Amino acid sequence: MTTTTFTSRAEARLAVARHVADAVLFEGYVLYPYRASAAKNRLRWQFGVLVPPSWTAAAAEHDFQHTELLMEPRRGATLAVEVRFLHAQRRTVQRALPDGGFQTVSELPLDDRVLVPWDEGHEERVRLAVGVDELTRTAAVVPFARPAAEETEPVTDATGAVVGRLVRRREEIDGVLRLSASPLDGPYATQRLRVVVENTSDWLPEEGAVRDAALPRSLVATHTLLYLDSGQFLSLTDPPRWATGAVAACRNLHTWPVPAGEPGSRDLVLSSPIILEDHPAIAPESPGALYDATEIDEILALRTAALTDEEKREARGTDDRAAAVIDLTDSMPAEMLERLHGAVRSLREVTAPGVPALRSPAPDVPGFGAGAGASGVFREDGFVRQDTPWWDPGADASVDPARDHVLVDGREVRAGSRVVLRPGLRHSDAQDLFVAGRRALVEAVLHDVDGGVHIAVTLEDDPGADIRREQGRYLYFQPDEVDVVDREETS
């Protein structure tokens with residue numbers, strides 16, 4: 001039976017996925033410097049915008065999302081579906097008049113903020129729970145509507161006196177959610193699940209209308225959460241070999257489904273307009289939502305903290321979420337900011353006092369001999385405990401950037417060699433165009449843990465080369481990106 005009521009288990013599992021889903025919902029919601037007047041905050045709602053059908057011909061946007069993926073439900077399984085999107089509501093600012101009326105204004109200054117007109121995002125959900133057996137017999141078609149509405153909020157000053165009000169207006173939105181499932185041919189109990197979300201608004205734009213007119217009638221940042229209470233979903237990027245062909249036949253339009261929740265779990269899926277890896281997660285160091293597309297927490301936190309008091313007043317008046325960002329960065333302790341400076345994800349601690357990290361006989365371990373500057377400790381049982389992590393340069397004394405060399409066209413290149421830069425062969429960085437053909441001094445030859453070789457250089461005509469050398473801030477090229485300068489040319 002189809003219902004909108006979820007079990008407590010479904011609610012708990014969907015809550016696990018919502019942490020990342022919230023980041024999708026508000027991705028690019030308000031961009032640094034978090035002020036409505038900033039140029040990049042005048043074009044809003046970049047991701048997952050499902051516009052009215054009448055607007056698709058006028059813009060390169062779409063009125064639907066189509067998700068397909070494979071699932072292996074057990075008998076009697078129930079599928080919980082939650083579609084989430086933002087309903088753009090237009091906020092205007094009005095000043096209180098002496099006669100008790102209100103006048104619409106472009107801004108309303110207060111002691112701690114400056115209120116300005118802005119389009120806010122009102123979160124909406126469409127929820128459905130349906131038995132998979134029922135879904136395989138009959139497709140589920142669920143129309144939904146959100147009516148037009150108008151709300152007012154009084155604005156008071158520090159004394160409590162009403163000095164104005166905010167007026168929020170929402171336009172009507174209509175849509176439909178379609179679900180179907182069909183078994184795959186073959187011996188496996190696998191089904192193809194289809195989820196389609198459509199904007200079905202009958203709104204017609206007036207002549208000369210711009211995107212701004214369509215947005216209040218659009219589903220913004222639309223994404224879908226799926227939970228299977230018995231069984232599992234298959235990853236589209238890492239399916240079992242037998243399912244490769246069926247996965248390749250899945251059609252995903254304007255959205256992409258990935259397993260959500262803890263690594264290894266298969267009962268949750270997030271289908272979003274942003275391409276994510278399987279089991280996406282928010283970095284544990286992240287202090288809170290910063291709402292900025294492709295955000296880098298440390299940079300945004302530092303730059304936000306550097307805003308002037310007047311800029312912060314405008315940001316606080318732009319949106320409650322922008323105000324929360326300002327308050328977050330203003331109150332962030334140094335310890336939290338230090339955590340944002342960098343983290344290693346792919347490495348883990350493998351040593352502990354008295355526990356061998358390397359189970360190889362000592363004589364066969366390169367770099368650990370007495371004459372090799374050992375970074376490990378020999379034990380009586382013939383094994384080595386490595387006190388320095390494998391990724392640390394000090395773990396392998398056989399590597400020395402100041403003395404190592406690499407052959408370029410049969411000639412040794414080492415620290416002190418002079419080369420001509422030819423980065424055009426690789427095109428790895430747009431900035432390479434500015435150094436192509438220039439002469440450089442090799443400062444070091446570096447080997448990475450994957451066996452790659454990198455040549456660190458400073459430009460010969462760079463007046464700041466001494467400072468770069470002191471700070472270790474070099475330009476890096478690979479051996480096929482340099483030509484060796486003859487000794488005669490350097491004399």
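## Stop 1: R192

Select R192 and A246: the side chain of R192 reaches the backbone oxygen of A246 at 3.2 Å. A polar contact here is a pair of N or O atoms within 3.5 Å; within protein, one must be able to donate a hydrogen and the other to accept it, and residues adjacent in sequence count only if both atoms are side-chain atoms. This is a predicted model, in which local features need pLDDT of at least 70 and side-chain atom pairs count only at pLDDT 80 or more, while totals for chains, interfaces and linings use all residues. Residues are numbered from 1 along each chain as its sequence is written, and side-chain values use heavy atoms, with hydrogens and water left out.

R192 is found in strand β11, residues 191–199. Strands (E, at least two residues) and helices (H or I, at least four) are DSSP runs, numbered from the N terminus. R192 counts as buried because its relative accessibility is 10%; buried means under 20% relative accessible area, exposed over 50%, and partly exposed in between, with a 1.4 Å probe and protein chains only.

Leaving out residues up to four places away in sequence, R192 touches E68, L69, L70, S180, A181, S182, L184, A246, A249 and C250. Contact means heavy atoms within 4.5 Å.

## Stop 2: D267

Go to the loop between β14 (256–259) and β15 (268–272), where D267 lies. The side chain of D267 makes a polar contact with the side chain of R13, at 2.8 Å. D267 counts as buried because its relative accessibility is 11%. Show its neighbours as well: not counting residues up to four places away in sequence, D267 touches R9, R13, L226, Y227, L228 and F233.

## Stop 3: aromatic rings and charges

A pair of aromatic rings is described by the distance of the centres and the angle of the planes. Rings of Phe, Tyr and Trp (its six-membered ring) pair if their centres lie within 6.5 Å; planes under 30 degrees apart count as stacked, over 60 as edge-to-face and the rest as tilted. By this rule the count comes to seven aromatic pairs.

Select Y29 and W45, an edge-to-face pair with 5.6 Å centre to centre and 65° between the planes. Y29 and W45 both sit in the loop between α1 (8–25) and β1 (64–73), 16 residues apart. Y29 and W45 are both buried.

Which residue lies over the face of Y29? It is R321, at 5.1 Å from the ring centre. Another example involves W118: the charged end of R44 sits over its ring, 3.7 Å from the centre. A charge sits over a ring if NZ of Lys or CZ of Arg is within 6 Å of the ring centre and within 35 degrees of the ring normal.

## Stop 4

Most residues other than glycine have a negative phi, and most peptide bonds are trans. A cis peptide bond joins Y32 and P33, with omega about 10°. P33 is found in the loop between α1 and β1. Y34 lies in the loop between α1 and β1, and its phi is near 65°, a positive value in a residue other than glycine. Y34 is buried, with a relative accessible area of 0%, and Y32 is buried at 12%.

Then jump to A221 in strand β12, residues 220–228. A221 has a positive phi of about 55° although it is not a glycine. A221 is buried, with a relative accessible area of 5%.

## Stop 5: helices α5, α6 and α7

Select α6, residues 309–318, whose buried residues are K312, R313, E314, A315, G317 and T318. These pack against β2 (78–96), β4 (108–109), β5 (114–115), β6 (118–131), α5 (297–305) and α7 (320–331).

Are α6 and α7 parallel or oblique to each other? Their axes come within 6 Å and cross at roughly 135°. Axes are lines fitted to C-alpha atoms, for helices over the stretch in contact, and angles run from 0 to 180 degrees between N-to-C directions. α6 and α7 are therefore oblique to each other: angles under 35 degrees count as roughly parallel, over 145 as roughly antiparallel, 65 to 115 as roughly perpendicular and the rest as oblique.

Finish on α5, where D297, E298, L300, A301 and T304 are buried. The buried residues of α5 pack against α6, α7 and α8 (334–339).
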